[in-house]
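Here is a short tour of a fold, meant to be read with the viewer open. Take a look at the sequence and the structure, then follow along below.

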Amino acid sequence: RNAYLSAEEKTRALALSATLKELKAGVAAKGALPWKAARARAAAALERAGLAVDYVEAVDAADLTPVKTLRKGNAVLLAAFAGKTRLIDNCVV
């Protein structure tokens, strides 16, 4: 999908991986993060980068049920649009 992005959109797209790294670092530092607040910060970071957020979700990596508190072993799933291109990324924190 990156082939569809302009140079500027490619730069904006880096916000997805940066956001995931920040969430992972937050969990590593604090042990857990209240998901509602962490989700809002993550979505705001993507929007500040110029992306249109499709979703920001956190789930139990074993059974994909939504979580209320982000902890080690949970998965974070992101999707956002850079122009007309929908980008997705995820990681286990």
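## Helices against the sheet

Helix 2, residues 35–48, lies across strand 2 and strand 4. Its direction runs at about 150° to that of strand 2. The model you are viewing is predicted.

Helix 1 covers residues 7–30 and also packs on the sheet. Here the strands touched are strand 4 and strand 5, and the helix direction makes about 20° with that of strand 5.

Three strands form an open sheet in the order 2-4-5, with antiparallel pairing. Strand 2 (52–60) and strand 5 (85–92) are the edges, each pairing on one side only. From one strand to the next, the twist averages 10°.

How many bridges join strand 2 and strand 4? There are eight, in the antiparallel sense, with strand 4 spanning residues 74–82.

## The chain as a whole

Two helices and five strands make up the chain, and along the sequence they follow the pattern α-β-α-β-β-β-β. Among contacts between residues at least 6 apart in sequence, 52% join residues at least 24 apart.

Now for the overall dimensions. The C-alpha trace spans about 35 × 25 × 15 Å along its principal axes. A compact globule of 93 residues would have a radius of gyration near 12 Å, so the chain's 13 Å agrees with that expectation.

Of the 93 residues, 37% count as buried. The chain exposes about 5600 Å², with carbon and sulfur atoms supplying 54% of it.

Technical notes. Residues are numbered from 1 along each chain as its sequence is written. This is a predicted model: local features need pLDDT of at least 70, side-chain atom pairs count only at pLDDT 80 or more; totals for chains, interfaces and linings use all residues. Side-chain values use heavy atoms; hydrogens and water are left out. Two strands pair if DSSP finds at least two bridges between them. Helices (H or I, at least four residues) and strands (E, at least two) are DSSP runs, numbered from the N terminus. Axes are lines fitted to C-alpha atoms, for helices over the stretch in contact, and angles run from 0 to 180 degrees between N-to-C directions. Contact means heavy atoms within 4.5 Å. The radius of gyration is taken over C-alpha atoms; the globule rule is 2.2 Å times the number of residues to the power 0.38. Buried means under 20% relative accessible area, exposed over 50%, partly exposed in between (1.4 Å probe, protein chains only). Accessible areas come from the Shrake-Rupley method with a 1.4 Å probe; for residues, only the protein chains shown count as cover.
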